Structure formats: structure tokens, C-alpha cells
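Here's a quick briefing to read alongside the model. Have a look at the picture first, then come back for the details.

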Amino acid sequence: MVEPRACKICGKSFTPNKYRPNQNICSSIECQYQRQLDNMKEWRGRNPNYFKYKESHDSSWKQTCKQRSLDWRKKHMDYLKLYREEHRDRHREYMRDYMRNYRKKKKGEDVPGEGPAQDAGGSAPAAA
Ligand SMILES: [Zn+2]
């Protein structure tokens with residue numbers, strides 16, 4: 001016959017299952033839950049690298065993503081810069097014409113003889 005004993009967690013006395021005479025935790029839900037948590041802790045204690053590995057894996061993955069987007073941005077910025085420098089003059093001309101046409105349209109001016117920007121960059125004096 002198994003003697004009643006005090007639960008290791010809640011301290012209440014309980015009678016262990018006769019098939020598990022070493023049981024030292026009662027069968028209440030709270031204590032069983034606590035036992036599971038303890039088991040998990042113990043398992044973690046026995047497998048300390050499992051979560052560390054996962055975390056390091058995750059953080060290196062995040063790092064990779066971050067680095068990749070930084071690289072992309074850097075390349076992109078370089079590209080944009082190059083593009084702007086290369087096309088600055090053309091862009092300036094284009095914007096000048098664009099704004100001129102825009103203002104015309106806005107004012108509703110009807111300018112005779114001037115076609116749609118065919119001679120751009122030709123006769124117009126460059127802006128200082
Ligand atoms: Zn208990």
C-alpha cells in the first residue's frame with residue numbers, strides 16, 4: 001500500500017498512484033501544469049543550444065535581410081546619383097520645357113507657331 005505524501009508543489013497530501021510510487025506531485029490541474037513547466041525548463045536546461053541555435057539562426061537571418069536591403073539601397077542610391085548626374089542637364093531641359101508648357105496650359109495661352117517641344121535644347125538660351 002502506498003503511503004500518502006505531501007505534494008512537492010502545493011504541499012497538500014495526496015496518495016500516489018500505485019503504479020507510480022515515486023510520484024511526488026498531486027494530480028491537481030495546477031500542479032500538473034506546473035510540472036509541465038518544470039519539465040520544459042528541465043528540457044531547456046538539458047538542451048541549452050536548441051533555442052540559442054534558433055535565436056542565432058533567426059538573428060543572422062535578420063542581419064542578412066538588413067544587410068541585403070542596405071546593400072540594395074546603397075546600390076540604388078549610387079545608381080540614382082549616377083543617373084541624376086548623367087541626366088542632370090537633360091533633366092533640367094526637360095523640366096524647363098515641362099514647366100513652360102505647364103504654365104502655358106494653366107494660363108490657357110494659345111501660342112501660335114510653337115509646336116510641341118520639337119526644338120528643345122536648340123534655340124532657347126540656357127538658364128544661368
Ligand atoms: Zn499539488
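Where do tyrosine 94 and tyrosine 98 lie, and how many residues apart are they? Both sit in helix α2 (residues 48–107), four residues apart, or about one turn of the helix. What you're looking at is a predicted model, where local features need pLDDT of at least 70 and side-chain atom pairs count only at pLDDT 80 or more, while totals for chains, interfaces and linings use all residues. Residues are numbered from 1 along each chain as its sequence is written, and side-chain values use heavy atoms, with hydrogens and water left out.

**The chain as a whole**

- The protein chain has two helices and two strands, where helices (H or I, at least four residues) and strands (E, at least two) are DSSP runs numbered from the N terminus.
- Follow the sequence along and you get the pattern β-β-α-α.
- Of the 128 residues in the protein chain, 9% are buried; buried means under 20% relative accessible area, exposed over 50%, and partly exposed in between (1.4 Å probe, protein chains only).
- Take the contacts (heavy atoms within 4.5 Å) between residues at least 6 apart in sequence: 16% of them join residues at least 24 apart.

**The zinc site**

- Cys7, Cys10, Cys26 and Cys31 each coordinate the zinc ion through SG, at 2.2 to 2.3 Å.
- Donors here are N, O and S atoms within 2.8 Å of the metal (3.2 Å for Na, K and Ca); water is not among the atoms, so sites may look incomplete.
- Along the chain, the donors of the zinc ion follow the spacing C-x2-C-x15-C-x4-C.
- The site of the zinc ion is tetrahedral, with angles of 101 to 116° among its four donor atoms; four donors count as tetrahedral if all angles lie between 85 and 135 degrees.
- Cysteine 7 counts as buried because its relative accessibility is 4%, whereas cysteine 10, at 36%, counts as partly exposed.

**The nonpolar core and its surroundings**

- Five residues make up the largest nonpolar core: Cys7, Phe14, Ile25, Cys26 and Cys31.
- Such a core is a set of buried Ala, Val, Leu, Ile, Met, Phe, Trp, Tyr and Cys residues joined through side-chain atoms within 4.5 Å.
- Setting aside neighbours within four places in sequence, cysteine 26 is in contact with Cys7, Cys10, Phe14, Cys31 and Gln32.
- Glutamine 23 is in the loop between β2 (13–14) and α1 (29–46), and its relative accessible area of 14% is why it's called buried.
- Leaving out neighbours within four places in sequence, glutamine 23 is in contact with Arg5, Phe14, Pro16 and Asn17.
- Arginine 35 belongs to helix α1 and counts as partly exposed at 31% relative accessibility.
- The C-alpha atoms of arginine 35 and isoleucine 25 are separated by 7.8 Å, with the two residues 10 apart along the chain.

**The tyrosine pair**

- There's one aromatic pair in the structure.
- Tyrosine 94 and tyrosine 98 form that pair, which is stacked at 6.1 Å centre to centre with 25° between the planes.
- Rings of Phe, Tyr and Trp (its six-membered ring) pair if their centres lie within 6.5 Å; planes under 30 degrees apart count as stacked, over 60 as edge-to-face and the rest as tilted.
- Tyrosine 98 is partly exposed, at 43% relative accessible area.

How values were computed. Four donors count as tetrahedral if all angles lie between 85 and 135 degrees; four count as square planar and six as octahedral if opposite donors are over 155 degrees apart and all others between 65 and 115; anything else is irregular.
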